[in-house]
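Student: Hi! Could we go through this one together, starting with the cross-links?
Tutor: Happy to, here it is.

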Amino acid sequence: QVQLGESGGGLVQAGGSLRLSCAASGRAFSVYAMAWFRQAPGKEREFVARITWSGASTNYANSVKGRFTISRDNPKKTVYLQMNSLKPEDTAVYYCSLQSRIGAGYDYWGQGTQVTVSS
């Protein structure tokens with residue numbers, strides 16, 4: 001069983017920055033990639049960013065490109081999301097997820113952390 005624990009959410013003014021963290025823990029698990037998703041009130045969950053564990057290849061949603069940066073710390077099994085130039089439309093619950101092997105879906109999800117951007 002894998003547990004994902006997010007932290008770093010909060011309230012920030014438009015134009016500000018936040019850094020989210022997500023640590024994976026458990027026994028004998030592998031990591032192919034980790035990703036961030038978000039869900040705003042009344043909307044479906046959407047992809048934000050993804051990073052592979054071995055080669056650190058990254059992917060971003062168009063809406064966050066140039067503003068958000070995903071990174072990872074392999075020994076700590078932790079993924080980060082640096083969010084700059086935040087906009088009110090970035091307000092959402094942000095979820096961390098883990099893909100344990102290539103070709104698999106996102107097997108594990110965190111509980112989510114609230115990010116609120118005021119105008």
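Student: How many disulfides does the structure hold?
Tutor: There is one disulfide (a pair of cysteine sulfur atoms within 2.5 Å). This is a predicted model, where local features need pLDDT of at least 70 and side-chain atom pairs pLDDT 80 or more, while totals for chains, interfaces and linings use all residues. Residues are numbered from 1 along each chain as its sequence is written, and side-chain values use heavy atoms, leaving out hydrogens and water.

Student: Which cysteines does the disulfide join?
Tutor: Cys22 and Cys96, with S to S at 2.0 Å. Cys22 sits in strand S3 (residues 18-26) and Cys96 in strand S9, so the link ties together parts 74 residues apart in sequence. Strands here are DSSP runs of E, at least two residues, numbered from the N terminus.

Student: Is Cys22 buried or exposed?
Tutor: Cys22 is buried, at 0% relative accessible area. Buried means under 20%, exposed over 50%, and partly exposed in between (1.4 Å probe, protein chains only).

Student: Switching to charges, what does Arg38 form with Glu46?
Tutor: A salt bridge, with the closest N and O atoms 2.6 Å apart. The term means a side-chain nitrogen of Lys or Arg within 4 Å of a carboxyl oxygen of Asp or Glu.

Student: And which residue does Asp90 meet in a salt bridge?
Tutor: Asp90 meets Arg38, at 2.9 Å from N to O. Arg67 also forms a salt bridge with Asp90, at 2.7 Å. Together, Arg38, Glu46, Arg67 and Asp90 are linked in a network.

How values were computed. Helix = DSSP H or I, 4+ residues; strand = E, 2+ residues; numbered from the N terminus.
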